[in-house]
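Open the model in your viewer and keep the selection tool at hand. This tour goes stop by stop.

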Amino acid sequence: FFFRPLLLPETFAMGASQSSETNTDQCMAQVFAAVEKIHASPTMCCLSITGSGGPALGWLMSVGGCSKTLLEGTIPYAHSALYSFLPDKPGKSVSAAASRSMALASYQKALQLRDNESQPVVGIGATGSIATTRDRRGFDEVYVTCWGAATAKSYHCRMDKELKRTRLQEDQIVCSLIILALADACGVEFEVPFKLESNEPIKVSEFETPKVWFSVDGERHDLQGAVPDLAPGVVPVVVPGSFNPLHNGHKAMGQAATEFIKQSGQEARVFFELSITNVDKAPISEEDLLTRAAQFKGQYDLVATRTPKFADKVKQFPYHKFVVGFDTARRLLDPKYTNGCVQAMLEELKAIKGVGCSFLVAGRTEGDEFKTVKDLVMPEGMDPADFADLFVELTTFQRLDISSTELRKAQQEAQ
C-alpha cells in the first residue's frame with residue numbers, strides 16, 4: 001500500500017473540534033509513543049480494515065520495529081472483497097458483527113503466519129463509516145474487535161455528525177481506536193488522544209472465545225481462540241447440545257443442515273458445540289467432558305465453550321447458523337426466559353440477528369402433530385416481519401422423536 005504524507009505527525013491539520021491546548025502534533029506524538037511500546041511487546045497481529053481507518057497501518061509502519069508486530073494488513077474495501085474475506089455476507093458492513101467476523105478471520109490468518117505455536121497473536125477487524133463527499137444517511141461510527149486466544153474485545157464509537165468534522169479528522173479517531181485495541185492486547189496503556197465529546201463515548205465489551213477443540217480423529221486441542229479450518233465462502237453451521245448422549249437426532253440435524261445449505265449452491269462446514277457451563281446446572285467436569293467428546297471420534301468435530309446462552313454463543317460465532325430443535329426455538333420466543341420481560345427478549349433476538357446469526361429449526365412431534373417454524377407463537381408486541389429470516393425451517397430434516405432422558409435411562413439399565 002502507498003500511504004500519503006498525511007500519516008506523518010507534522011502534516012495533520014488542526015481540527016476545529018479539538019481543544020486549543022492539544023494540537024494534532026501532540027496527539028500524534030502520543031500515538032507514536034504507544035506504537036513504539038506495542039512494537040516492543042511480544043504480541044503480533046493480522047489486521048483487516050474496511051470503510052475507514054486505513055492510515056492506522058501507516059501509523060504502525062511509521063515507527064521502527066513494525067515487523068515485530070504486524071504479520072499482515074489487509075483492506076477489503078469493496079463489498080465484493082469484504083464478502084470474499086468473510087465466511088458469509090454481512091447484513092451490514094459497518095456493524096459489530098462484521099468487525100467480529102473480520103477479527104476472527106484475521107486471527108485465524110495470524111495463527112497460520114506466526115513462526116511458532118508459542119508466539120502470542122491477535123486478529124483485529126475494523127469497520128467504519130465516516131464523513132464523505134456525498135450526503136449519506138446513517139451514523140458516522142466505527143466498530144473494532146480484537147480476537148485473542150482467551151477473549152475477544154469489541155470497541156464502538158459513534159461520532160457526532162453535527163460537529164462537522166472533516167473526513168480526515170474522523171479518520172484520526174477511527175485509527176486511534178484501532179491502535180487502542182492493539183495496545184490493550186499488548187498491555188500498553190493508551191487513550192484516544194483526539195478529542196471526543198461527552199456524547200461520543202467509546203463503548204467496550206469483552207467475551208470469552210472457544211476453549212477446546214476435539215477434531216474428528218479424537219485429538220484434543222486447546223484452542224487459540226478460534227475454531228480451525230473455516231474457509232472463506234463456506235457457510236459455518238453449529239449444532240449445539242449437551243450430547244448426553246450423542247444420538248441419531250443430533251447427527252440427523254447436522255446432516256440435514258449440510259443438505260439444506262447445499263440446496264442453495266453453497267458448502268457447509270458443520271461442527272457440534274458443547275457448553276461446559278450451564279445456566280441452571282453445575283459445570284461439566286473434565287472427566288465428563290472427555291466422555292462426551294469421545295462419542296464424536298471418527299464422526300464429527302466438537303468444540304467446547306463456556307457459553308450456555310445463545311446471546312453469548314453468537315458473539316463467539318458471528319455469521320454462523322445454529323441448528324436447533326423446535327422446543328429450543330420456542331424457548332427463544334418465550335419471555336419467561338428473560339424474567340417475563342418481552343422487551344428484554346426482543347433485544348436479545350435483535351442482538352443475535354445483529355451479528356449475522358440465524359436458526360435452522362428442526363421440527364418436533366408433539367402428540368399427533370409435527371411442529372415446525374410456522375407453529376412458533378410470536379409474543380404480543382413482536383412484529384414477525386422483523387424476525388422472518390431469523391428462524392428458518394430446516395426442510396431437509398426428517399422427523400426423529402428421540403429422548404436423551406430415555407436413552408440415558410436405557411444405558412444405565414444396560415450397565
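Arg-158 sits in strand S5 (residues 151-159) and Glu-141 in strand S4 (residues 140-147), 17 residues apart.

A word on the ground rules. This is a predicted model, where local features need pLDDT of at least 70, side-chain atom pairs count only at pLDDT 80 or more, and totals for chains, interfaces and linings use all residues. Residues are numbered from 1 along each chain as its sequence is written, and side-chain values use heavy atoms, leaving out hydrogens and water.

**Stop two: helix to loop**

Select Lys-353 and Asp-389. Their side chains meet in a salt bridge at 3.4 Å, N to O. Lys-353 lies in helix H10 (residues 342-354), and Asp-389 in the loop between strands S15 (369-371) and S16 (391-393), so the pair ties together parts 36 residues apart in sequence. Lys-353 is partly exposed, at 33%.

**Stop three: Glu-369 and Lys-371**

These two form a salt bridge, with the closest N and O atoms 3.7 Å apart. Glu-369 is partly exposed at 46%; Lys-371 is buried at 18%.

**Zoom out**

How many salt bridges are there by this rule? The count is 12. Of the 415 residues, 50% are buried.

Note on methods. Buried means under 20% relative accessible area, exposed over 50%, partly exposed in between (1.4 Å probe, protein chains only). A salt bridge is a side-chain nitrogen of Lys or Arg within 4 Å of a carboxyl oxygen of Asp or Glu. Helices (H or I, at least four residues) and strands (E, at least two) are DSSP runs, numbered from the N terminus.
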